[in-house]
Amino acid sequence: MQLLNKNYSNYLFKKKMLKIYNTPPFAQWEEVCKRPLLKAENCSNIVSAILKNVQLNGDQALLDYTKQFDNINLQSLKVDQSEIIESENNVATNLKIAIDIAYANIYKFHIAQIDNEKHVITTEGVDCWRKYVGMENVGLYIPGGSAPLFSTLLMLGIPAKIANCKNIIVCTPVDKNGNINSAILYVAKKVGINTIYKVGGAQAIAAMAYGTETIKKVDKIFGPGNQYVTKAKQLVSLQIVAIDMPAGPSEVLIYADDTSNPAFIAADLLSQAEHGADSQVILVTTKKQIIDAVNQEIILQIASLEREVTATLALANSKAIILEDVNTAFDFINEYATEHLIIATDNAEELCTKVVNAGSIFLGHYSPESVGDYASGTNHTLPTNGYAKMYSGVSVDSFVKKITIQQLTKQGLLNIANTVETMALAEGLQAHKQAVSIRVKQIKESEF
């Protein structure tokens, strides 16, 4: 277990762990909603240099960065099939059972998202529909390091497979021994992904975006990461590849009232705080007594965490906000647009109708955010940093293209011809009109 400096622990105890904002005016909301940002000197410049190096030097750049950042001399970037097969023997039976249950639930939720092609007759003889096509080449970035997120591979790999993506590759960093975490390999085998590369960080994003001698270029990149990975995704998305969303550090917002259990709330706040020092957790309520009770529970619970230091640093950047009434509270909640929203009240389902901006919502006292992270079935790859105002979480839709199709009969063209000809002429596009008129003329001549 990590140990905090005693003076720092006392400081945080006195500060009640969460900084309290008492009925902040609307003009202050933008400031209150700001997320923490870890300082990284010239992050953009560092990432740009990595992208350029990988683009120019390919595999060698990736091997050099693994030596530089991880102190590992890799002989090969690609995971051998024998390593994937062997992984099953290195995963505890209880974990395999848990992964299998999570897989089944996630698959069940996501397979229901497949839409059948629906034909719509917009005018007699004019038939329109959409064709759903899986993206051919997608890349999945799976964080490793101190917390190998094998659950993220479930969340991304399952919908990618359901969408029938042709080529799915995985990039994930190695451990201190130069190996990929066995649970990640076990999940890859279960999902049916065989192309896995030992590369992490911004250089992995570069490899998937540009391609190297070993790693094939993809069309869209998915997956969370630290600020360097996030910056890399943002930069390559301006050039030649799509990304799932601009994702940053994990966050949760909890709305609590007199019916809430302070111990439950503290546990949920800490479950997000332990992700990283740049994570943020928010408590919103209308009563200060609730904040006081939750702070006491945080102090009791945090001492038992192995990631105590990480959670404490995140809490130092987190907030408890008192607002005048329920409606104002939910106005603020929608303004914050959190990744995870827990409505920890007896009337959570009713209050949920007030929410328009959130990545994923957890209702009531027995729906901890952790279940969404692992096994309820929904996806945990969600918009952060306020992007829930305009982005959805990852779903099967994220991996498919929707191609519109139309087919007209002769009579259908005659029925709509005048409309198209009139509009084309009004825009000064005579050839557009002619493409219709020449067919209409042929149809009419053939009738005689």
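What is the volume of the second largest pocket?

1. The second largest pocket has a volume of about 420 Å³, a pocket being, on a 1 Å grid over the protein atoms alone, an open set of points where a 1.4 Å probe fits, with protein on both sides within 12 Å along at least five of seven lines. The volume is the space filled by probe spheres set on the points, which are joined across faces, edges and corners.

2. This is a predicted model, in which local features need pLDDT of at least 70 and side-chain atom pairs count only at pLDDT 80 or more, while totals for chains, interfaces and linings use all residues. Residues are numbered from 1 along each chain as its sequence is written, and side-chain values use heavy atoms, with hydrogens and water left out.

3. The lining (residues with an atom within 4 Å of a point) comprises 23 residues, and Leu37, Thr230, Gly248, Pro249 and Asn385 lie nearest the centre of the pocket. Helix 9 (227–237) and helix 3 (43–70) each supply at least two lining residues, with helix 9 giving the most, four; helices are DSSP runs of H or I with at least four residues, and strands are runs of E with at least two, numbered from the N terminus.

4. In strand 4 (residues 137–141), five of five residues are buried, that is, under 20% relative accessible area with a 1.4 Å probe and protein chains only. Asn137, Gly139 and Tyr141 are on one face and Val138 and Leu140 on the other.

5. Strand 4 pairs in the parallel sense with strand 5 (residues 167–172) over five bridges, where pairing requires that DSSP finds at least two bridges; Leu140 has Val170 as its bridge partner. Strand 4 also pairs in the parallel sense with strand 7 (residues 220–222), over three bridges, and Val138 stands opposite Lys220 there.

Note on methods
Buried means under 20% relative accessible area, exposed over 50%, partly exposed in between (1.4 Å probe, protein chains only).
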